[in-house]
Amino acid sequence: MARVYNFSAGPAVLPLEALQEAQADLVDYKGSGMSVMEMSHRGKEYDAIHNEAIANSKELLGLNDDYALLFLQGGASMQFAMIPLNFLGENQTADYINAGSWGAKAIKEGRLVGNVNVAADCQKDIPTRMPDLDEYRWTDGAAYAHITTNETISGAQMKIIPPINAPVIADMSSDILSRPLDYTQFDMFYAGAQKNLGPSGLALIAIKKELATSGNVGLPSMLKYQSHIDANSLFNTPPCFGIYMLCLTTRYLKAKGMESVIAENKDKAAMIYNTLDASEFYRGTVRVENRSDMNITFRLPSADLEELFISQASDAGMKQLKGHRSVGGIRASIYNAFPKAGVECLVEFMKDFERRNG
Ligand code: PMP
């Protein structure tokens, strides 16, 4: 078996243990004679998977029963639409932070539904960054405030969640369960699963039940959080296989322990940032205070050298290091399941590449 070091920003590397267990279960789930993909979502085998995935997620996130934990389809992008549809009323304003491409997409969808105030805007700044605490201009009585805690494309991470006087809704697609955080400071948060949780197409949503009941009425049922809360994410046929994979991934996180996952994430990111900082050849693209531990972005002296770097890294078994098509450069995404040995390999390669081309 030849597993590469996969630096993809998502869909991204999953824990090998989870993939191997899924492989073993694929045609005959625990002696049921059926695959998880073939069994009823109302049957007892799937029911156990579904409820374990919810319980594991709530436990890892430190959430009590004030929160509902949902698994919905449509990825994180569906949340860009569902949030304003549910919570932005006619004479209300919602605050949004624009610090990168994903925040900007959320804003665009919000504006299709209602009145949006951009409470801080640093999307175009170079180096890329998150707003400083004194830059936020919140609306009094806002319906909610939407933040993106980690901008996956630029690699900027919100290290300090600002104090906000409105329900706080966070897109945590690329840093959920990756760093020490009190998740109860959010009224709602969500994440596309394909980075730290499982396969794509599935989104994890945690929402205060109280917030959900305050939502707009008159929406189609599938677009209403309350429908999914009432049905425990079984309002319609859920993405069973994705939820099963998320169940295995959360089991892996529990077994490893969040403390050790978080410590390893810090270590992995520091190894790459230290390499950038020790070099005149590589240039990090994010303001130091906002460097993400999940998506590490940097440039080389020229586009030609970047192309050579990506192609030689690929030959050496390090894949998907190309930066997002909108920004270029290099992006190393090192989510929870990315092995430390892969970071060591990248750092060695970076030093060697600099020696040969610097
Ligand atoms: N928000 C962030 C921060 C993301 O990184 C992504 C995907 N890369 C999305 C939203 C959109 O997720 P999806 O493709 O699952 O809709």
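This is a predicted model: local features need pLDDT of at least 70, side-chain atom pairs count only at pLDDT 80 or more; totals for chains, interfaces and linings use all residues.

Visitor: Is Val36 buried or exposed?

Guide: Val36 sits in the loop between helix 1 (16–25) and helix 2 (44–61). Its relative accessible area is 2%, and the cut-off for burial is under 20%. Val36 is therefore buried.

Visitor: Which residues does Val36 touch, leaving out those up to four places away in sequence?

Guide: Contact here means heavy atoms within 4.5 Å. With residues up to four places away in sequence left out, the partners of Val36 are Tyr29, Ile49, Cys240, Phe241 and Tyr244.

Visitor: How far apart in space are Val36 and Leu26, C-alpha to C-alpha?

Guide: In sequence, Val36 and Leu26 are ten residues apart. In space, their C-alpha to C-alpha distance is 7.0 Å.

Visitor: Let's turn to the aromatic rings. What kind of pair do Tyr282 and Phe309 form?

Guide: Tyr282 is buried, with a relative accessible area of 3%. The ring centres of Tyr282 and Phe309 are 6.0 Å apart, and rings pair if their centres lie within 6.5 Å. Their planes meet at 75°, and planes over 60 degrees apart count as edge-to-face. So the pair of Tyr282 and Phe309 is edge-to-face.

Visitor: Which parts of the chain does that pair link?

Guide: Tyr282 and Phe309 are 27 residues apart, and both are buried. Their pair links distant parts of the chain: the loop between helix 8 (258–277) and strand 11 (283–284), and helix 9 (residues 303–315).

Visitor: Which residues form one aromatic cluster with Tyr282 and Phe309?

Guide: The structure has 19 aromatic pairs. One of them is the edge-to-face pair of Phe281 and Tyr282, at 4.9 Å centre to centre and 85° between the planes. Along with Tyr282 and Phe309, the cluster holds Phe281, Phe298, Phe349 and Phe353.

Visitor: How many disulfides does the structure hold?

Guide: A disulfide is a covalent bond between the sulfur atoms of two cysteines. Among the cysteines, Cys122 is buried at 2% relative accessibility, while Cys345 is partly exposed at 26%. The number of disulfides is zero.

Visitor: How much space lies in the largest cavity?

Guide: A search of the whole structure finds one cavity of 30 Å³ or more. Its lining includes Val13, Leu14, Pro15 and Lys195, and the lining residues divide into seven nonpolar, three polar and one charged. The space in the largest cavity is about 50 Å³.

Key:
Residues are numbered from 1 along each chain as its sequence is written. Side-chain values use heavy atoms; hydrogens and water are left out. Rings of Phe, Tyr and Trp (its six-membered ring) pair if their centres lie within 6.5 Å; planes under 30 degrees apart count as stacked, over 60 as edge-to-face and the rest as tilted. Buried means under 20% relative accessible area, exposed over 50%, partly exposed in between (1.4 Å probe, protein chains only). Helices (H or I, at least four residues) and strands (E, at least two) are DSSP runs, numbered from the N terminus. A disulfide is a pair of cysteine sulfur atoms within 2.5 Å. On a 1 Å grid over the protein atoms alone, a cavity is a set of points where a 1.4 Å probe fits but cannot get out, and a pocket is an open set with protein on both sides within 12 Å along at least five of seven lines; lining residues have an atom within 4 Å of a point. Grid points are joined across faces, edges and corners, and a volume is the space filled by probe spheres set on the points. Ala, Val, Leu, Ile, Met, Phe, Trp, Tyr, Cys and Pro count as nonpolar, Asp, Glu, Lys and Arg as charged, and the others, Gly among them, as polar.
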